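Some terms used for a protein model rest on a cut-off or a rule. The questions below ask what stands behind each term.

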Amino acid sequence: MQIERLDEFRWRIPRQGKMRVEGLVFASSAMMAEIRQDHSLQQVVNVAHLPGIVGASMAMPDIHWGYGFPIGGVAAMDAKRGVVSPGGVGYDIN
């Protein structure tokens with residue numbers, strides 16, 4: 001997966017394949033080294049494929065591997081064309 005450093009605390013995952021938006025990760029270099037140890041960046045990419053997503057598939061500094069979305073993941077959806085993803089609102093809060 002291609003990841004581009006934008007500045008000291010922002011990293012961009014460019015659109016690839018059928019991604020509808022890019023990925024945007026907020027993290028320091030040290031945090032990014034840890035983030036790369038699990039599958040959470042792939043989950044950022046997965047979220048970028050969802051119908052109706054707008055802006056970017058984002059990940060806050062606390063990002064780590066979740067069930068659907070990464071924990072610390074953020075995505076805005078178009079109200080008419082978007083989806084409500086249980087993986088985005090949390091299976092654990094049932």
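**Terms and their grounds**

The model is predicted. In the protein chain, the mean positions of the 9 positive and 9 negative charges lie 12 Å apart.

Q: What makes a residue count among the positive or negative charges of the protein chain?
A: Lys and Arg count as positive, Asp and Glu as negative. On that basis the protein chain has 9 positive and 9 negative charges.

Q: Which order do the elements of the protein chain follow from the N terminus on?
A: The order is β-β-β-α-α-β-β-α, which gives three helices and five strands.

Q: Why is the protein chain called as compact as a globular protein of its length?
A: The globule rule gives 12 Å for 94 residues, and the radius of gyration is 13 Å, close to that value, so the term applies.

Q: What share of the residues in the protein chain is buried?
A: A residue is buried if its relative accessible area is under 20%. Of the 94 residues, 33% are buried.

Q: What makes a set of residues a nonpolar core?
A: The members must be buried residues of the nonpolar kinds, joined through side-chain atoms within 4.5 Å. The largest such core has 18 residues, and Ile13, Val25, Met32, Ile35 and Leu41 have the most contacts inside it. At least two residues each come from β2 (10-13), α1 (29-35), α2 (40-47) and β4 (53-64). The largest share, four residues, is from α2.

Q: Which residues does Val25 touch, leaving out those up to four places away in sequence?
A: Contact requires heavy atoms within 4.5 Å. Val25 touches Phe9, Arg10, Trp11, Ile13, Met32, Ile35, Leu41 and Ala59.

Key. Residues are numbered from 1 along each chain as its sequence is written. This is a predicted model: local features need pLDDT of at least 70, side-chain atom pairs count only at pLDDT 80 or more; totals for chains, interfaces and linings use all residues. Side-chain values use heavy atoms; hydrogens and water are left out. The radius of gyration is taken over C-alpha atoms; the globule rule is 2.2 Å times the number of residues to the power 0.38. Buried means under 20% relative accessible area, exposed over 50%, partly exposed in between (1.4 Å probe, protein chains only). The place of a charge is taken as NZ of Lys, CZ of Arg, CG of Asp or CD of Glu.
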